[in-house]
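Biologist: Could you take me through this model step by step, setting each value beside the rule that gives it its name?

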Amino acid sequence: ANGNFLPLYFGEGGNLKTRLPDHEKLPDAIKLGCTHVLAHPTPAGEQARLIEERDMIAFWNPPLNVQHREAM
């Protein structure tokens, strides 16, 4: 309502076109009211994407991410 978005899930992958349609978290995201998908290319490679994914999960603590969580 206020124009802000709350992240529900962060993921890393090489090909969004093939990954998203059958993603195991998509039905849960829709149930939680997902309205947008944001893609952020990180051309530095898989290791950089994994680090970025871990950092975003730690910062935002999205409800559909259970991996990479530390004892928070």
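Biologist: Why is Asn 65 called buried?

Modeller: Buried means under 20% relative accessible area, exposed means over 50%, and partly exposed lies in between, with a 1.4 Å probe and protein chains only; Asn 65 has 0% relative accessibility, so Asn 65 counts as buried. This is a predicted model, in which local features need pLDDT of at least 70 and side-chain atom pairs count only at pLDDT 80 or more, while totals for chains, interfaces and linings use all residues. Residues are numbered from 1 along each chain as its sequence is written, and side-chain values use heavy atoms, with hydrogens and water left out.

Biologist: Which residues does Asn 65 touch, not counting those up to four places away in sequence?

Modeller: With contact meaning heavy atoms within 4.5 Å, Asn 65 touches Leu 8, Tyr 9, Phe 10 and Ile 57.

Biologist: What makes the pair of Phe 59 and Trp 60 edge-to-face?

Modeller: By the ring rule, the count comes to one aromatic pair. The ring centres of Phe 59 and Trp 60 are 5.3 Å apart and their planes stand at 80°, so this pair is edge-to-face, given that rings of Phe, Tyr and Trp (its six-membered ring) pair if their centres lie within 6.5 Å, and that planes under 30 degrees apart count as stacked, over 60 as edge-to-face and the rest as tilted.

Biologist: How do you know whether Phe 59 is buried or exposed?

Modeller: Phe 59 has 65% relative accessibility and therefore counts as exposed, whereas Trp 60, at 42%, counts as partly exposed.
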